[in-house]
Amino acid sequence: SGFRVVLIDLDPQRSATLMMGLGGERNLPNVHQLIVEDLPVSRSLTVLESNLAMIAGSELMAPAETWLASQMAREQILTKRLESLRADFVIMDTSPAFSLVNINALVYASEVWVPITTDYLALMGLKHFQETIGQVETELGHPLPIRYVIPTFYDDRPLNTGAIMDALQQKLGPENITTPIHSSVRVKEAASRKLTILDHDPRNRVAQDFQVLIQRIGKDSAS
């Protein structure tokens, strides 16, 4: 849509990196080198498309926790490393764990987007995540609004799906809940081929769901 986007993979499992077709290359600059080795951000980026670049993930991000714990102002390190980064959107993919790496991401972030499956356990996980955000706001003085809650793998056939959507709206307000991203076997096919659903099957319902989400984010950013 013409926006300059940088994707940063902070999850040691590197799912975002693998989905972008990276991960097998040797000497690929990565987020561990950025954070721990202080590799300049300009050299940490891998350009994927004209408006899309990425800082690849690293399996070494799990042991990086020990290094972070020994640093001064440890919650601010990622923010310092990214000072010179310029983009319309910097999207960080984090692991679901409570960690210093994730705290660094939250301190750098200006808002939170929460993909969430429509089931009861996901609601419980959201509650714990909100508590973490509250700690960042209270103890570190960093306001961090939840901008979007994105229901994923959505299936409107189970009877409890509607109840879960109602619960999300009550907890976070209907204005924060986006159009759901439906479930489709075509998404799994796309993942196995390292393609987005927009490239694999642009007429698929899920591709249309993502187009609606992209349009909303673009409209909100312009307002």
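Predicted model: local features only at pLDDT ≥ 70, side-chain atom pairs only at ≥ 80, totals over all residues.
Buried means under 20% relative accessible area, exposed means over 50%, and partly exposed is what falls in between.

**View 1. Tryptophan 113 and tyrosine 148 form an edge-to-face pair.** The whole structure holds 3 aromatic pairs. In the one shown here, the ring centres of tryptophan 113 and tyrosine 148 are 5.4 Å apart and the planes meet at 70°, so the pair counts as edge-to-face. The two partners come from distant parts of the chain, 35 residues apart: tryptophan 113 sits in strand β5 (residues 112-117) and tyrosine 148 in strand β6 (residues 146-152). Tryptophan 113 has a relative accessible area of 26%, so it is partly exposed, whereas tyrosine 148, at 1%, is buried. Look around the pair too: ring pairs join Phe3, Phe89, Trp113 and Tyr148 into a cluster.

**View 2. Aspartate 209 is buried without a salt bridge.** This residue belongs to helix α11 (residues 205-222). The nearest side chain of opposite charge is that of arginine 205, 4.9 Å away. Setting aside neighbours within four places in sequence, aspartate 209 touches Pro180, Ile181 and His182.

**View 3. Glutamate 65 meets a stretch of chain that includes serine 99.** Glutamate 65 and serine 99 are 34 residues apart in sequence, and their C-alpha atoms are 7.3 Å apart in space. Beyond the neighbours within four places in sequence, glutamate 65 is in contact with Ser99, Leu100 and Val101.

Conventions: Residues numbered from 1 in each chain as written. Heavy atoms only, no water. Helix = DSSP H or I, 4+ residues; strand = E, 2+ residues; numbered from the N terminus. Buried < 20%, exposed > 50% of the residue type's maximum accessible area, 1.4 Å probe, protein only. Lys, Arg positive; Asp, Glu negative; His and termini not counted. Salt bridge = Lys/Arg side-chain N within 4 Å of Asp/Glu carboxyl O. Contact = heavy atoms within 4.5 Å. Phe/Tyr/Trp six-rings, centres within 6.5 Å; stacked < 30°, edge-to-face > 60°.
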